[in-house]
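Please read them with the model open.

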Amino acid sequence: MADQNMTAEEGSRILNALQMLENLEASGDIRPAEQRALDAYRKRQKTAEQSQIETAATYRGLQSGVTMNLDDEIAGARAAVGEFMSSGDREKANQAYQRYRDLVRQKNEAAQMLAPEQFSKGQMAGAGATALIPGAGVAGTVGRMGMAGRALLGAGTGAALTALPQFAGGEGGFASRMGEVQPGAAMIGGAIGGAAPIAGAVAGRTVQGVQNLMRGVEGMPGYAGGAARRVAGRLGTAQRAGADIEGYLRSIGPEGMMADIAGSPQSMAQGLATMQGEGADIMRRAIEERARGAGQRIEQDMTQQIAEPEAAFMKRREMAQQRAGIFGPLYDAAKQSDQTFSVDALRSGLVFLGRDEASDVRGALNKVLRDLGTEGEISASRLHAARVALNDAKETAFRSGAGGKGTVLKGLLQEFDSKLDQIPGYAQARTGWAETGAINDAIDAGRQVFSGGPTSAISPMVLKETFAKLSDAQKEAFRQGAREYVSALMGTSRADAPAAWAAFEKSWNAEKLRTILGDDAANQIMQRLRGEAEFSRTRGKVLEGSQTAAREESRSALADIREPDSMNMPSPIKRMRNAIEQPINRVIDEILYGSRRSNINRQIGEILSLQGDQRDMAVQALLSEAQRLENPTRARQIIEALTTAAGVAAAPGLLAQ
């Protein structure tokens, strides 16, 4: 490779040749070709010199811009400090300040005269670089402010960055320098700075929007990102409004759907139901199928937690069979006994008790006395008949409020039983008959426990005390009676779930349910009833709205013969316009959306209809996605900060240009 470096000898020959050409020019003997060569050399030499001037001017402009036109003041101040530190003389320091300040000004003025364009470019670059510092400060601060605060901060910074170089470029005192500031320029700078945070937010959100389009939703395989994000946005809105979405769905059970969530999610379901497409059909079908199974689900939970629906009927029949097949024959056999009984003391006591007693109790006691007779011993049959009448009198006394007399009669009844129990088989018959009667009474009480008005309903406290005194068999019978009430309620109600929930959402009934079943079983039933009531409300809100949409769709289908709004015949011109516009609109929709729109419609319907474990996993994923959508991505933050900082910093440069 040839040596490209010029040797000293070659350089000397070139200089000698140039000297020779200049001599020929001076003598007038230079030829045209030689003159052109000499002129070209001189032009190149002039460009090199000017380049040095332009470089120096650019540097001085850059220095002036970086310091916001304070480079002369800075140079003077630095010299003054140095002089004062060395001499301690204030006058000399002041002289040094003025001398060096003026020297920098003279150099800047010279640079502007010799290369104004380069000086201006350097000054703009320096000002822009310096403005990036407060611009970056604005970008770092705006993320913690609202948009109004961001715009105000950006406007103030832009105005300050525009006015400061003008202020610093002036001379004299504060008033003199303020005279150099152009209010119009400062206002424009403020407007540019105020718009910078808005532009940054738009740019950042645009970047995040593009990022979202390029990714799916984590935890939602098989669903398009566009569909999942739409639902996630609605769930996020509801949660930010204070809704406990996951807790609510747990409370209504595994059959609950996202379409049940009040607020934005349910509004989305209502909107989807009013649209044409697969999504509306999928969701409508899921809600209808769920509604058809409401009664069965309630019955199933009641059966699991309480008893079979016909358990009370079966228990009554069993008691009747025992009375007819076992205890009745025992009674009959006992009454046929030849044994007789002395009852004189019983007669005397009953006569005394019946004197001042209420008429209904006195009447019952008179029947007892008729069965006992007036004197002598009586047969087992008559004593049994008197015993039955005495038991009726005791019950009448308690019901009429004569509790004291009822207690005395109860004691007398025990004396009757002690005599009759001497008959073989009588005690067994009496005990069995009483037990079957208590079971029947418990069934009846259970059936009435949730009913009654303000004056007749049993309070939870009374029920708790009463229920605690029952035997295990009686408690079971009580539950069977309560179960019979629920079956009757469901069977006689037009809307099973709402009716059942209305009966049990009352605080008294809920507390009673816990008393007879325990907390776990009662909570399970209450959850079922609450959930079914919610499902019924969802069906009404979502599907009734879709009926309105169906009517609108039908009206639209007749638009070629009637106007949808007025139902008048359309004009010939409008018919022609519709005939032209509708095919064009369909083509445009197909180009813009294609099958993607239909796919999103269908998948939104599927997501809103998810149930059970699939629903729970989807909700977790969608709530996480809602949080991601709310929080800016790193790329968005960077773009927003850069755009904001650049916009604020550009204000003085744009105005200078």
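1. A term first. Buried means under 20% relative accessible area, exposed means over 50%, and partly exposed lies in between (1.4 Å probe, protein chains only). At 0% relative accessibility, G406 counts as buried. G406 sits in helix α18, residues 403-420. Helices (H or I, at least four residues) and strands (E, at least two) are DSSP runs, numbered from the N terminus.

2. What does G406 touch, leaving aside its neighbours within four places in sequence? G406 is in contact with K394, A397 and F398. Contact means heavy atoms within 4.5 Å. From G406 to N391 the C-alpha distance is 9.6 Å, and the two are 15 residues apart in sequence.

3. On the source: this is a predicted model, in which local features need pLDDT of at least 70 and side-chain atom pairs count only at pLDDT 80 or more, while totals for chains, interfaces and linings use all residues. Residues are numbered from 1 along each chain as its sequence is written, and side-chain values use heavy atoms, with hydrogens and water left out.

4. Confidence comes next. pLDDT is the predictor's confidence in each residue, from 0 to 100. The protein has a mean pLDDT of 74, and 62% of its residues reach 70 or more. Over residues 553-567 pLDDT stays under 50, and the model gives this stretch 19 contacts beyond four places in sequence. Residues 586-595 also have pLDDT below 50. Beyond near neighbours in sequence, residues 586-595 have three contacts in the model.

5. Now the whole protein. Its secondary structure comes to 28 helices and two strands. Of its 657 residues, 37% are buried. Take the contacts between residues at least 6 apart in sequence: 73% of them join residues at least 24 apart.

6. Helix α11 spans residues 264-273, and its buried residues are P265, Q266, M268, A269, L272 and A273. They lie on the same side of α11, because they cover an arc of only 155° around the axis. The arc is that of the directions from the helix axis to the C-beta atoms. An α-helix has 3.6 residues a turn, so residues three or four places apart point the same way.

7. How do α9 and α11 pack? Helix α9 (residues 225-240) meets α11 at an angle of about 140°, and their axes are 7 Å apart. That makes α9 oblique to α11. Axes are lines fitted to C-alpha atoms, for helices over the stretch in contact, and angles run from 0 to 180 degrees between N-to-C directions. Angles under 35 degrees count as roughly parallel, over 145 as roughly antiparallel, 65 to 115 as roughly perpendicular, and the rest as oblique.

8. The residues in this contact can be named. From α9 come R230, V231, R234, L235, T237 and A238; from α11 come S264, P265, S267 and M268.

9. Helix α15 (residues 344-353) has L346, R347, L350 and L353 as its buried residues. These cover an arc of only 135° around the axis, which puts them on the same side of α15. On the other side of α15, A345, S348 and F352 are exposed.

10. A291 belongs to helix α12, residues 278-292. A291 is partly exposed, at a relative accessible area of 33%. Its C-alpha lies 7.1 Å from that of F535, 244 residues away along the chain. S471 is in the loop between α20 (460-469) and α21 (472-492). With 34% relative accessibility, S471 counts as partly exposed.
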